[in-house]
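Here is a short report for a first look at this structure. Please read it alongside the sequence and the model.

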Amino acid sequence: MPRKPAIPGVDRRQQILEAALAVFAEQGLDGATTQEIASRAGVAQGLIYFYFASKADLRRIAFDQYARVALAQLDERPPLLDGVAADEALQATLTRIVEVMSAPHTISLLRIMTRAGAAGPDEHGRPVAGSDIDVDAFAIRIHAEVRDMLDRLVGQGVLRPVDTWVAAYVVASSLVTMTIQWAYNEPIFAAISRERMIETLVGMLTAWAATPSPDVTAV
């Protein structure tokens, strides 16, 4: 069959990476086929081996590329404006984190990571996903951002001094766990929306660290 003519401006390699990430997330390394990946990418199957040495090489490159993009997005820290209420600041921070974690590419990454974690390391002691990036890398980024926001709110006097490390750990653990459950469409979590999750975490943090009213006297 003759190869379809290339469409100007279309990055075939990127099309393959996009399709590969989705197929590997759905079917795993063993279940995924280059034929399926090529079909979804809209390219000839042989083009995959023009760009990538093997199916495992394709998965490693696709995983690393999209994982680094997602981690870079989590590293972005918008400025905290003076006078912003604690609940508004936390709402904005957690909403942005949840948007990154709920993006289709991130969902695919989480499915690949959890599959790899269940399979254990390969014969060389490396994760089966072929990358050093794992779920902990996402949790660490989320923890750092939430703790930074809490520290800034405490520094502005909007929240009273609390153990921000512990508070951020609770939030990061909750968000990562919930996102993984959403990724697998677990029925018990299906009724819990992203908005409800964010609202609950913001309420928990502000109730815990709310600055006492100045007219309240100690007894």
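Val-170 sits in helix α8; helices here are DSSP runs (H or I, at least four residues), numbered from the N terminus. The model is predicted: local features need pLDDT of at least 70, side-chain atom pairs count only at pLDDT 80 or more, and totals for chains, interfaces and linings use all residues. Residues are numbered from 1 along each chain as its sequence is written, and side-chain values use heavy atoms, leaving out hydrogens and water.

Two residues can be set side by side. Buried means under 20% relative accessible area, exposed over 50%, and partly exposed in between (1.4 Å probe, protein chains only).

| Residue | Relative accessible area | Class |
|---|---|---|
| Val-170 | 34% | partly exposed |
| Gln-65 | 27% | partly exposed |

Helices α8 (164-183) and α10 (194-209) each give two or more residues. The largest share, 4 residues, comes from α8.

Helix α8 also packs with another helix. The axes of α5 (residues 86-102) and α8 come within 11 Å and cross at roughly 30°. The crossing is right-handed. Leu-94, Ile-97, Val-98 and Met-101 in α5 meet Val-171, Leu-175, Val-176 and Thr-179 in α8.

Gln-65 belongs to helix α4 (residues 55-75). Beyond neighbours within four places in sequence, Gln-65 contacts (heavy atoms within 4.5 Å) Arg-13, Gln-14 and Leu-17. Gln-65 and Leu-17 are 48 residues apart in sequence, yet 8.7 Å apart in space, C-alpha to C-alpha.

Methods: Axes are lines fitted to C-alpha atoms, for helices over the stretch in contact, and angles run from 0 to 180 degrees between N-to-C directions. A crossing is left-handed if the near helix is turned anticlockwise from the far one by less than a right angle, and right-handed if clockwise.
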